[in-house]
Amino acid sequence: MKKFMTVALLAAAFAIPGALIAAETQRFAPVDPKAYSPAQQEFAKLMTVGPRAGTVTNAPFKVYFASPEFGLEAIKMSNYLRWGTGLDARLSELAIIIAARHWTSDYIWHAHYPLAVKGGLDPSVGADIAAGKRPTKMKEDETIIYDLLTEIYRDHDISDATYAKARAKYGEKGITDIQALASYYGVTAMALITAREKTAPGDEPKLQRLAQVFPK
Amino acid sequence: MRKTLAIALLGALAAPSLLSAADNTRFPPIPADKQTAKEKEFIKALTDSPRSANGGGGNINNPPFKVYLRSPEFGIEAIKMSDYLRFDTGLENRLTELAIIIAARNWDNDYIWTAHYGAAVKGGLDPSVGADIAAGKRPSKMKEDEAIVYDLLTEIYRDRKVSDATFAKARAKYGEKGIMDIIGLAAYYGNTAMALIVSNGTRPAGNEPKLQKLTQNFPK
């Protein structure tokens with residue numbers, strides 16, 4: 001018995017050492033679809049509904065998938081915040097890239113910088129944010145979102161002047177939606193960080209590593 | 001016309017503090033007869049939530065719920081997410097509340113801190129753990145399962161990175177589902193913190209240790 005075990009261990013260890021190490025360090029490895037729980041099946045199905053076109057094997061969804069009851073709520077929340085608020089994509093994506101800057105999440109930045117530009121945001125706005133500068137070419141409605149979110153992140157406090165402008169432009173519902181959208185991307189960022197998720201960079205401006213990501 | 005205006009102006013002068021209070025109040029209550037069907041649905045989700053049975057929260061006039069109320073489609077999902085993360089993950093209160101107070105420390109949020117420090121101690125967390133976190137020190141009296149939650153969340157917040165050693169310990173103890181639940185819980189309280197910041201939400205401090213204002217919330 002002891003001999004058999006030794007042989008088996010030796011065979012396993014030498015035959016596929018790379019595979020063993022990979023299995024050890026891989027975070028949130030794919031699950032065989034045959035082994036999905038009912039909640040995981042429901043989660044996988046929800047991923048295919050609407051404009052998302054995500055899969056449970058891609059980050060951050062593979063992390064959500066590990067706790068599908070949580071994941072179901074996260075995806076429903078995200079669906080509303082991204083596509084149900086009535087905000088222009090230009091503004092939704094601006095809120096998302098500001099959240100990416102807060103978390104220094106290259107993954108979210110890479111995925112959403114192009115969507116922001118496609119939505120009509122001047123490319124220099126994202127470039128300035130990536131460099132830790134206050135953007136110089138923001139429209140008025142963009143400036144309000146920038147001030148609202150950066151005051152939350154940097155100061156943990158929103159000045160009366162910024163709040164008044166935000167309420168006049170977006171109303172209380174809009175303010176709630178904008179801050180919720182940014183904070184939802186905190187969920188995404190924390191999942192990506194935990195999964196140690198990398199993405200191949202594109203030609204977008206890169207997030208600089210900064211001690212203070214939003215200038216005073 | 002001029003007379004009407006003058007009277008209207010006099011009216012404004014008669015109740016200046018009321019007017020300015022109404023103007024400066026963020027997210028004032030919405031009277032029941034002005035609530036939309038969706039807002040009523042949100043309020044029902046909130047009052048049906050298990051938090052009400054615990055005697056805490058569930059009040060629509062409390063921040064952050066009065067913020068959520070403004071966007072009830074979002075609010076309904078937020079409450080369902082919170083109900084799962086707080087009451088259904090299978091994690092002990094001691095650990096759930098530890099994750100919440102670490103999130104409160106990250107956001108320097110006195111409201112969440114005051115609301116949850118007591119719950120953490122009631123759940124069995126040594127009071128010195130919260131006291132150390134409030135002071136910006138690594139707690140010296142954590143149990144092993146608490147140290148894993150602490151390392152996981154503080155590495156995310158401070159380093160934007162989870163080391164292999166910490167991830168391996170977390171997976172061995174909590175599994176991937178537990179890891180997602182713990183980070184989901186902390187992330188959800190980021191949501192709460194942002195809603196509280198937006199609404200200037202405050203509550204009276206208790207006798208809990210107070211969050212010190214620090215440049216680095218979690219020591220290296």
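Across the interface of chain A and chain B, 20 residue pairs are in polar contact, both residues being at pLDDT 80 or more. A polar contact is a pair of N or O atoms within 3.5 Å; within protein, one must be able to donate a hydrogen and the other to accept it, and residues adjacent in sequence count only if both atoms are side-chain atoms. The model is predicted: local features need pLDDT of at least 70, side-chain atom pairs count only at pLDDT 80 or more, and totals for chains, interfaces and linings use all residues. Residues are numbered from 1 along each chain as its sequence is written, chains are lettered from A in the order in which they are written, and side-chain values use heavy atoms, with hydrogens and water left out.

The rule also finds four salt bridges across this interface. Each is a side-chain nitrogen of Lys or Arg within 4 Å of a carboxyl oxygen of Asp or Glu. A:Arg27 forms a salt bridge with B:Asp164, with 2.9 Å between the closest N and O atoms. On the side of chain A that touches chain B, H10(A) gives the largest share, 19 residues. Helices here are DSSP runs (H or I, at least four residues), numbered from the N terminus. By class, this side has 25 nonpolar, eleven polar and twelve charged residues. Ala, Val, Leu, Ile, Met, Phe, Trp, Tyr, Cys and Pro count as nonpolar, Asp, Glu, Lys and Arg as charged, and the others, Gly among them, as polar.

The two chains bury about 4100 Å² between them, 64% of it on carbon and sulfur atoms. A:Met77, A:His156 and A:Met190 supply 15% of the area that chain A buries against chain B, more than any other three residues. Buried area is the accessible area (1.4 Å probe) that two parts lose on being put together, summed over both.

On a 1 Å grid over the protein atoms alone, a cavity is a set of points where a 1.4 Å probe fits but cannot get out, and a pocket is an open set with protein on both sides within 12 Å along at least five of seven lines; lining residues have an atom within 4 Å of a point. The largest pocket holds about 1300 Å³ of space. Its lining has 42 residues, with A:His102, A:Trp103, A:Thr104, B:Tyr157 and B:Arg160 nearest the centre.

The largest cavity has a volume of about 70 Å³. Among its 14 lining residues, A:Trp103, A:Ser183, A:Gly186, B:Trp107 and B:Gly190 are closest to the centre. This lining has ten nonpolar, four polar and no charged residues. Volumes are the space filled by probe spheres set on the points, which are joined across faces, edges and corners.

Conventions. Helix = DSSP H or I, 4+ residues; strand = E, 2+ residues; numbered from the N terminus.
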